[in-house]
Amino acid sequence: LHNAIMTGTVTPHLGVGATAGDEECWELFKDLFYPIIKDWHGYDAETQKHPVDLDFSKLVFTDEQKATFNEFVKSTRIRAARNISGYSLPAGATAEDRAQVETVLKQAFSGLTDELAGTYYELGGLTEEQTKFLLEKGFLFQIPTAKNLLTGAGAARSWPNNRGIYHNEAQTALCWVNEEDHCRIISMENGGNIPSVFERFCGLSNALKASAESNGTKLMWNETLGFLGTCPSNLGTGLRASVMIVIPNFNKLMEGDNEEDKHLLDEVCSAYDLQPRGSAGEHSAAVGGKFDISNKQRLGFSEVQLVQKMIDGVSKVIEYEKMLGAGSTPADVRAAFAKKE
Ligand code: ADP
Ligand code: MG
């Protein structure tokens with residue numbers, strides 16, 4: 001319990017504030033976790049069941065939306081957390097756990113074929129140049145600092161040992177090893193073609209599961225909480241679908257003097273269950289008006305539903321960005337989203 005609440009104690013500004021050190025924590029400390037889950041996802045873990053749907057053909061993304069997204073969106077990324085049952089999570093792992101998890105995952109990666117076939121790089125073995133390249137492309141995880149969740153939760157111990165990154169040749173399918181979760185699976189590409197990124201994500205999710213199971217391992221998952229992992233915000237689908245979007249008019253308000261209007265983007269995002277981040281990941285600044293906007297919930301909705309919510313919400317953000325550009329005031333924008341059904 002001491003470990004579970006540590007990140008909230010040392011970095012109380014970081015939003016969630018509690019993490020699990022292993023699979024059992026989700027049951028053992030449910031008095032702590034269920035209210036947090038309710039608050040973050042709006043999901044009642046006592047009564048609800050978590051739905052699964054990886055049928056990418058169900059997404060609704062019109063040609064008009066595609067054209068608009070390509071105008072505003074620099075890149076799209078869909079990621080999810082996956083953890084291997086039977087090993088402590090990074091916040092509670094020993095050096096031995098971490099090494100074993102890396103071995104299991106490397107074995108699973110070697111079973112990925114065709115478009116997903118690629119190479120695994122140990123974090124400690126990267127040259128400075130490679131690190132810089134991967135960070136700039138948004139492929140690599142943030143390096144832990146004294147004040148971030150990884151350090152607070154105890155998941156940055158023995159850094160960078162047994163951490164690593166896998167990517168396919170085209171660098172559109174990636175897997176992180178032993179960052180905040182055992183594995184983060186990531187599909188990304190330039191531009192705003194959400195269905196293409198989601199289709200690859202679904203392929204990667206299925207392929208990794210099949211490959212891990214063929215080696216006799218099992219992913220952490222149950223009917224109530226879906227995929228289990230380190231942070232309550234990443235349960236369920238564990239899916240965060242984000243676009244890097246350039247919205248200079250919202251940014252101008254954020255950098256302006258009007259205290260209320262500074263928060264207009266936060267208000268819009270909150271109205272559509274979206275989460276805004278800066279351009280270099282969580283708790284970073286938005287450089288040049290570039291924001292990372294994603295779905296906020298990951299649990300209680302299926303993968304398809306969450307990606308659709310992101311598409312529909314971001315369409316609204318773009319609509320309001322255009323309104324602001326055409327001379328509408330923040331009050332006009334507030335009136336527009338207050339009317340949403
Ligand atoms: P997560 O927790 O989902 O992995 P983080 O906020 O920790 O995301 O960011 C991880 C990295 O991914 C950062 O370098 C961030 O800039 C990058 N990133 C996030 N979304 C996108 C996107 N749509 N396009 C390109 N890079 C992205
Ligand atoms: Mg993160």
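This is a walk through the structure shown above, from its overall build down to a few single residues. Keep in mind that the model is predicted: local features need pLDDT of at least 70, side-chain atom pairs count only at pLDDT 80 or more, and totals for chains, interfaces and linings use all residues. Residues are numbered from 1 along each chain as its sequence is written, chains are lettered from A and ligands numbered from 1 in the order in which they are written, and side-chain values use heavy atoms, with hydrogens and water left out.

Let's start with the big picture. The protein has 12 helices and 10 strands; these are DSSP runs numbered from the N terminus, where a helix is H or I with at least four residues and a strand is E with at least two. The radius of gyration is 20 Å, close to the 20 Å that the globule rule gives for 341 residues, so the protein is as compact as a globular protein of that length. That radius is taken over C-alpha atoms, and the rule is 2.2 Å times the number of residues to the power 0.38.

How much of the protein is tucked away? Of its 341 residues, 53% count as buried. Here buried means under 20% relative accessible area, exposed means over 50%, and partly exposed is in between (1.4 Å probe, protein chains only). Now look at who touches whom, with contact meaning heavy atoms within 4.5 Å. Among contacts between residues at least 6 apart in sequence, 72% join residues at least 24 apart.

Next, step inside. In soluble globular proteins, nonpolar side chains tend to be buried together. The largest one here has 61 residues, and Phe-109, Ile-245 and Ile-293 have the most contacts inside it. Helix H11 (residues 303-325) gives the most to this core, with 10 residues. Take Ile-245 as your example: leaving aside neighbours within four places in sequence, its contacts include Phe-72, Val-73, Phe-291, Ile-293, Val-314 and Ile-318. There is also a second, separate core of 17 residues, with Ala-4, Leu-89, Leu-228 and Leu-299 among them.

H11 turns up again when you look at helix H9 (residues 248-255). In H9, Asn-249, Phe-250, Asn-251 and Leu-253 are buried. The buried residues of H9 pack against helix H10 (264-271), strand S10 (290-295), H11 and helix H12 (330-338). Follow the chain on to the loop between H11 and H12 and you find Gly-327. Is Gly-327 buried or exposed? At 59% relative accessibility, it counts as exposed.

Ser-211 lies in helix H8 (residues 194-214) and is buried, with a relative accessible area of 8%. Beyond its neighbours within four places in sequence, Ser-211 is in contact with Gln-107, Ala-108 and Gly-111. Leu-135, in helix H6 (residues 128-136), is partly exposed at 37% relative accessibility. With the neighbours within four places again set aside, Leu-135 is in contact with Leu-140 and Phe-141. Leu-135 and Ala-280 are 145 residues apart in sequence, yet 8.8 Å apart in space, C-alpha to C-alpha.

Most residues other than glycine have a negative phi, and most peptide bonds are trans. In this model, a cis peptide bond joins Trp-159 and Pro-160, with omega about 0°. Pro-160 sits in the loop between helix H7 (149-153) and strand S3 (164-168), and Ser-158 lies in the loop between H7 and S3 too. Ser-158 has a phi near 55°, a positive value in a residue other than glycine, and is partly exposed, with a relative accessible area of 37%. Gln-171, in the loop between S3 and strand S4 (173-177), also has a positive phi, near 55°.

Key: A nonpolar core is a set of buried Ala, Val, Leu, Ile, Met, Phe, Trp, Tyr and Cys residues joined through side-chain atoms within 4.5 Å.
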